[in-house]
Amino acid sequence: MGLFDFLKKQFRKVIQWENDNTQSIVWKYPLERKEEIMRNSVLVVREGQKAMFIQEGKLADVFGPGTYKLEDIKNIPLLTALYNWKYAWETPYTGDIYFISTKQFIDNKWGTSNPVMMRDKEFGMVRVRGFGVYSFSVGTPTAAMSELFGSMGELTVKDVDDYFKKIIVSELSTAIAESGIPAIDLAMHYDDLSDLTRQKMAEDFAKIGIEIDALYIENISLPEEVEKMMDKRTSVGVMGGAMQGYAQMQAVEAMRDAAKNPGGLAGAGVGVGAGLGIGKMFADNMNNMGSEDNKATCPHCGAKVRKNAKFCPECGKPMVETVECPSCHKQIKKGAKFCPECGAPLVAKCPKCGKEVKPGAKFCPECGEKLQ
């Protein structure tokens, strides 16, 4: 080796990671034998990075963002013990330098490759699928090195994505089972399930030096059969909410399915009598819906309203006429003699003529006797 080559090797070298790959987590400084790191080299650690010195397979130190002259860090105890800096001109530093990205890696997709089983009180065993996004960062570089990437020269999000997804799906399944949330109400509790799942994952990821910064559930879908059953129940609720409504819906569906056949009811294998029976059922159900027996009169506007309705669709007022209790001011059914809330009497009598008067009246409407 000529004198020029020797002097060239001694010039100050800048060691840094100019990371232009947003998916890179770890990058090892490419130490080739011809690129020896001398004591007068400069280490540059950018924001969102950390650098680890490894000498003879042991961790010497971890450096945060900043600029460091290697000749100034010779007092690091472990590095000094492993490497004699005073002979740096003759024996340049030949250990490894790992750069770790500490930024958040966001918008990583997760999803269930296979359905997750959950036990529902109403539908029994149900298979659900879910998907969403999560973000993570390297929390403890030393733990990440010993448990995750070891001596790998580079680690990217793609390398750990499948492993992270499996942990998320496993913990989400446990969270759904422990929450006891009915299948029909899962959509109302996405935030709660996300928080619960992230808490369960925290310990698993901490062991490998990773922090799960955010986890979001975008959707949990139910099997098609369950969704159809839920749609049927919604339809029944719209038609009345009882067995009568269900019978009406079944009659409509039977007529619709029969009409799709080329031969109508006969083509569907339904005899004339059975066909007439279905027709009669349909007619009876429709008539019952509009019969006077199923109607009530609004006490406020006089409109005909479905029986058992709580409010009038015409005026919006309650179907049961109420009055105010003079004692506790609660609204109670008109005609009651005592308040069901406070027990106060709602019917008073004039002490002079004995006629009933409204509670709170100041004079008797029959004889004019002063009541209060």
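Select Ala214 to begin: at 14% relative accessibility, this residue counts as buried, because the limit for that class is under 20%. The model on display is a predicted one. Ala214 belongs to strand β12, which covers residues 210-221. Next, show the contacts of Ala214; beyond its neighbours within four places in sequence, these are Tyr134, Ser135 and Arg198. Although Gln104 and Ala214 lie 110 residues apart along the chain, their C-alpha atoms are separated by 9.6 Å.

**The five-stranded sheet**

Now colour strands β5, β4, β7, β2 and β11. In that order they form an open sheet with antiparallel pairing. At the edges are β5 (58-63) and β11 (154-156), each of which pairs on one side only. Turn the view along the sheet: its neighbouring strands are turned by 15° against each other on average, direction ignored.

Two pairs may be picked out here: Ala51 has Phe99 of β7 as its bridge partner, and Met52 has Tyr98 of β7. On the side of β5, the pairing with β4 is again in the antiparallel sense, over five bridges. Met52 stands opposite Val62 in β5, and has Tyr98 as its bridge partner in β7. How many of the seven residues of β4 are buried? Six are, and the strand is thus mostly covered.

**The helices on the sheet**

Bring in helix α3, residues 141-149. This helix lies across β2 (24-28), β4, β5, β7 and β11, and runs at about 65° to β4. Highlight Pro141, Ala143, Ala144, Met145 and Phe149, the buried residues of α3. They pack against β2, β4, β7, β10 and β11. Just after the helix, select Gly150, which takes a positive phi of about 55°.

**The cavity**

The structure holds one cavity of 30 Å³ or more; the largest cavity has a volume of about 50 Å³. Which residues line the largest cavity? Select Thr112, Val116, Val128, Arg129, Gly130, Leu172, Ser173, Ile176 and Ile220. By class, five residues of this lining are nonpolar, three are polar and one is charged. Strand β10 (124-138) and helix α4 each supply at least two residues of the lining.

**The last stop**

Finally, move to Lys295, in strand β13 (residues 295-297). Is Lys295 buried or partly exposed? At 29% relative accessibility, Lys295 counts as partly exposed, because its value lies between the cut-offs of 20% and 50%. Select Arg306 together with Lys295 to close the tour: they are eleven residues apart in sequence, and 4.7 Å apart in space from C-alpha to C-alpha.

Technical notes:
Residues are numbered from 1 along each chain as its sequence is written. This is a predicted model: local features need pLDDT of at least 70, side-chain atom pairs count only at pLDDT 80 or more; totals for chains, interfaces and linings use all residues. Side-chain values use heavy atoms; hydrogens and water are left out. Two strands pair if DSSP finds at least two bridges between them. Helices (H or I, at least four residues) and strands (E, at least two) are DSSP runs, numbered from the N terminus. Axes are lines fitted to C-alpha atoms, for helices over the stretch in contact, and angles run from 0 to 180 degrees between N-to-C directions. Contact means heavy atoms within 4.5 Å. On a 1 Å grid over the protein atoms alone, a cavity is a set of points where a 1.4 Å probe fits but cannot get out, and a pocket is an open set with protein on both sides within 12 Å along at least five of seven lines; lining residues have an atom within 4 Å of a point. Grid points are joined across faces, edges and corners, and a volume is the space filled by probe spheres set on the points. Ala, Val, Leu, Ile, Met, Phe, Trp, Tyr, Cys and Pro count as nonpolar, Asp, Glu, Lys and Arg as charged, and the others, Gly among them, as polar. Buried means under 20% relative accessible area, exposed over 50%, partly exposed in between (1.4 Å probe, protein chains only).
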